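Take a look at the model first, and then we can walk through its contacts, its surface and its pocket.

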Amino acid sequence: MGVQVKAMKKTCKKKNTLVSIPTELLVEIVARVAASSFDDLFNTKFSCRTLNKFADVNDKYISKRVSLDKFHVVPWTSKTSNQHIVFLDRCIDSGNPEALYRHGIVQYFGKAEINSGIECLRRAANSGHLEATFVIGLILILHGGEDKERGMKIIINMKKLQPRKKIAEIRERFSRTLKSMWVKNTALIGKARPICCTTHRRANSTFHMWKRFADLECEACYCDQEIIHLWEILPKSI
Ligand SMILES: [Zn+2]
């Protein structure tokens, strides 16, 4: 049980001082607990009567903020319980960025539902979800034409604004997600890899791993490396 929840439970037992706290503040406290851990939200619900009514996963504000860390990234399988699916759907409806991101990935790569996948990813990205922004950048590059230019700008901006370690984490987490699901988007599988840099030959070859994502001076080459990495994860056939 988290430290926050233990402290709140103790407060409840001693004297119900929580009733003197404005409702908005209590809701905010519970929402922050939910954002750090789903289990802590659950414990909060049973810690005392006052908090019970606020720690409700059906509440839109709570479901928008609740952490999904304890749930599998790709839960929409035959083994997933209905209760679980209803909860995740509620999080999506509430605009929970992580839920939108996960759903967007499944829709786009797993079900080839291109428009709804991108829409979910956009909503997540607009809420500040960096992985969603990264994936949208890659997807736009894959789409080619003007979209490719826009996608490259997104990837290059992320490289400029985020520490290298952060980008590596984002890339790694996206890779793990993609490897854990069945990619069935036939618009990607078996197709030629798009090329961003037409100036440097190196961008079009798979040079050694240790050189990748190093300080590539050419921004287009950097985008190509991201696409090469994605291409190695995507299945070659269904
Ligand atoms: Zn280049």
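In the protein chain, residues 24 or more positions apart account for 64% of the contacts with a separation of 6 or more, a contact being heavy atoms within 4.5 Å. The model is predicted, so local features need pLDDT of at least 70 and side-chain atom pairs pLDDT 80 or more, while totals for chains, interfaces and linings use all residues. Residues are numbered from 1 along each chain as its sequence is written, and side-chain values use heavy atoms, without hydrogens and water.

The chain has 12 helices and 0 strands, taken as DSSP runs (H or I, at least four residues, for helices; E, at least two, for strands) numbered from the N terminus. Of its 238 residues, 47% are buried, that is, under 20% relative accessible area with a 1.4 Å probe, protein chains only.

Now for the largest pocket. Its lining sorts by class as follows:

| Class | Lining residues |
|---|---|
| Nonpolar | 5 residues |
| Polar | 4 residues |

Among the lining residues are Phe 38, Asn 58, His 84 and Arg 90. Helix α6 (residues 82–94) gives the largest share of the lining, 5 residues. Where does the largest pocket lie? Domain 1 (3–65) and domain 2 (82–233) both give residues to its lining, so the pocket lies between them; the bounds come from an automatic or database domain assignment.

Definitions and conventions
Buried means under 20% relative accessible area, exposed over 50%, partly exposed in between (1.4 Å probe, protein chains only). On a 1 Å grid over the protein atoms alone, a cavity is a set of points where a 1.4 Å probe fits but cannot get out, and a pocket is an open set with protein on both sides within 12 Å along at least five of seven lines; lining residues have an atom within 4 Å of a point. Ala, Val, Leu, Ile, Met, Phe, Trp, Tyr, Cys and Pro count as nonpolar, Asp, Glu, Lys and Arg as charged, and the others, Gly among them, as polar.
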